[in-house]
Amino acid sequence: MSAPIVRFRGVSKSYDGRTPVVAGLDLDIARGEFLTLLGPSGSGKTTTLMMLAGFEDPSSGSIELEGKRIDTVPPHKRGIGVVFQNYALFPHMTVARNLAFPLSVRGTSRAEITTRIAKALEMVRLSGFGDRRPQQLSGGQQQRVALARALIFSPSLVLMDEPLGALDKQLREELQLEIRRIHATLGVTIVYVTHDQSEALTMSDRIAVFEGGRIQQLGSADAIYERPANAFVAGFIGENNRMEAVVADSTTLRLSDGTMLATAPHGFSAGERVIACIRPEKVHLAEAGQRAPVTEVVYLGDHCRLRLSYAGLPDFFAKRPSLDGVALPQVGEAVFLAIPPTAVMVFRATPHRE
Amino acid sequence: MRRTNWLAALLIAPLMLLILGSFLLPVGFALFTAVADREVAATLPRTRAALAAWDGVGLPPEPAFAAMAQELGQALEDRRIGDMAQRLNFERTGMRGLLLRTARAAGRLEAPYAASMVALDARWGEGDTWLLVQRAGGPVTPLYLLRAMDLQRAPGGGVQAVAAEEALYRQLFWRTLGISLAVTALCVLLAYPVAYTIAKLSAPWSAVALMLVLIPFWSSVLVRSTAWFVLLQREGPVNQAMMALGLIDAPVQVVGTRIAVVVALVHVLLPFAVLPMHSVMKRLDGIYLRAAASLGANGVQRFLRVYLPMSMPGVLAGAAMVFLLAVGMYTAPALVGGDRDQMVAWFIAYFMNREVNWGMAAALSAYLLAMTGAAIGLARVLTGGVATIGGRA
């Protein structure tokens, strides 16, 4: 792997000197990758992005871009493109003048600016919109202009702060594809902040899951979904049935109501309190096994979602794919659960924080 | 639906009546006064009727002379001659004397009146005198509107400039415009950094700073202008301070100069520039400046290309406000200005209070209104060109 384009080393940020918003962040961002910072609000992901953009100063630590320290460089000298959630298009300028802005402040020639604007508009499929004012465009169009404006001066790194947060679902998906396409075409490095896990899963090369100012896990989408590093990641990404349990022996957990659950709790000793997580789609219905009464059935077309009463939990969910010729379970019936030992994820009972 | 419309109309009826009664009617009345011509028709109705058929060539027929002599005598007896004499004297100096003299002699005049009146005063034998009376028959006259622009009716019809030594008002309007524009420019230049700083201050301090801007409103314009009179006079603190610092050797006469008028007006009107600017600037989202920085703009470029244009609606609103108020200012120039520094409002007051010439006061007011209307229109056009703030669809 070549040298990372961005390197965070021990970066911390605190506004009041006591509570850290970002704590001891070490992060390498590879050239050309699409990295998503994912986390609930207040987890430090946006602050991390703003420190990289230069709008926030780290309280300690260093940030390098292309091997040079930039945490003391003012934002306008960093040459990083930024796309904001609310577009931040200048309302007193036309689309073309918005796009010309980063070029004209750099002293680019008029002819060059005109060609680059035409190319940029073409890239975001808005050719012919140059003379409009931002207010005359839809939200999706405005965000495409903002995207084009952040890319037009050919930055090697582009930051996006929840760029699709204000758009409706359909537009969001359309623009997700568009951003992916642009990323693939230009080979630019993108750092993307979102709190929408499905957006993170579909778009990213790697995802950094933030919580409490720390990266809880950094990895590819499937790694984070299939092999969450701790109970927080398991709960934040995708759906999970979360149960408190005690390790009975090397192959069994005992749930709080005494139900025994087969799995392999690596690295835990007997008697230790743990959290067991099972994703609903990994719970199989079987002819025989552990019995669970159905309290609710939600039909969703390609699958149905069952609310079960299991192991003392009133809200244990299972997903069952829609199958030809198989009747749906009814409320009040009981089903039998087959939970493969590999489906059970075991985590330390205390949330993973150093 | 119709019922709710009725109810809505009923609810706003008091407001509409208030606007009608306290704004539209008085302004309409004042504007009409600028062209109204009632005095001759009220005092000399029969003369006016007799002159109506006259073609204006030579002298009017005998019945006009007879009616004039009788009605003047009657009017003097009834003590109603003053307004009419003043009205005609305003248009041509000397008319008051002629009319009063004729009225006093009315009892002695005998038919044929044409001969006896010309014998009394040769001016009755001039067609111009009679044309003047005929034209003043009303009901409307362009006299005041023309005079307020230093124009008058030419004897042969049409319009001509008044004699150079009588010309006054065009210069007055230019002076008013000049002082108002200077005050507006100074207020904008001084208010912009103030509003900018207040908008940048954090929560408790911005409120305190805004309060400080508003404190001058606690005292009246009169008090503030008088304070400038005290400060700027020959023995005042400003002169003393400058002499103590060795900047000047002898006290400088500031009171009674154009500078004093501009200083006092800027002080009185500054808050009106700060407030609209501040209200636009505090809503100006910092995200635009961040975006500009991320796009490579340095501090100067961010200010000139993003902040300044986006704060322009506030600047124009503040400038329009200051200009409108400055144009109509009376107190401050009257207190600290000299004779040559008075503005239109001073002359309006002069015609109202001293001359009791409502027509002239109304004509000056009408032009002032037109001037402010043009300023508002210009501000509208200019702000319309600037995009609205916070365009986030």
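Visitor: Into which domains is chain B divided?

Guide: The model is predicted. Chain B is divided into domain 1, residues 39-141, and domain 2, residues 169-385. The centres of these two domains of chain B, taken over C-alpha atoms, are separated by 50 Å.

Visitor: In what order do the strands of the open sheet in chain A lie?

Guide: The open sheet of chain A holds five strands in the order E13-E12-E11-E14-E20, and the pairing is antiparallel. Its edge strands are E13 (260-262) and E20 (344-348) of chain A, each of which pairs on one side only. On average, neighbouring strands of this sheet are turned by 45 degrees against each other, direction ignored.

Visitor: How many bridges join strand E11 and strand E12 of chain A?

Guide: Strand E11 (residues 241-249) and strand E12 (residues 252-255) of chain A pair in the antiparallel sense over four bridges. Within E12(A), Arg254(A) is the bridge partner of Val246(A).

Visitor: What is the phi of Glu66(A)?

Guide: The general idea comes first: most residues other than glycine have a negative phi. Glu66(A), by contrast, has a positive phi, near 50 degrees. Glu66(A) belongs to the loop between strand E4 (60-65) and strand E5 (68-69) of chain A.

Visitor: Where is Val356(B) found?

Guide: Val356(B) lies in the loop between helix H18 (344-355) and helix H19 (358-385) of chain B. Val356(B) is a non-glycine residue with a positive phi, near 50 degrees.

Definitions and conventions
Residues are numbered from 1 along each chain as its sequence is written. Chains are lettered from A and ligands numbered from 1 in the order in which they are written. This is a predicted model: local features need pLDDT of at least 70, side-chain atom pairs count only at pLDDT 80 or more; totals for chains, interfaces and linings use all residues. Side-chain values use heavy atoms; hydrogens and water are left out. Two strands pair if DSSP finds at least two bridges between them. Helices (H or I, at least four residues) and strands (E, at least two) are DSSP runs, numbered from the N terminus. Axes are lines fitted to C-alpha atoms, for helices over the stretch in contact, and angles run from 0 to 180 degrees between N-to-C directions. Domain bounds come from an automatic or database domain assignment.
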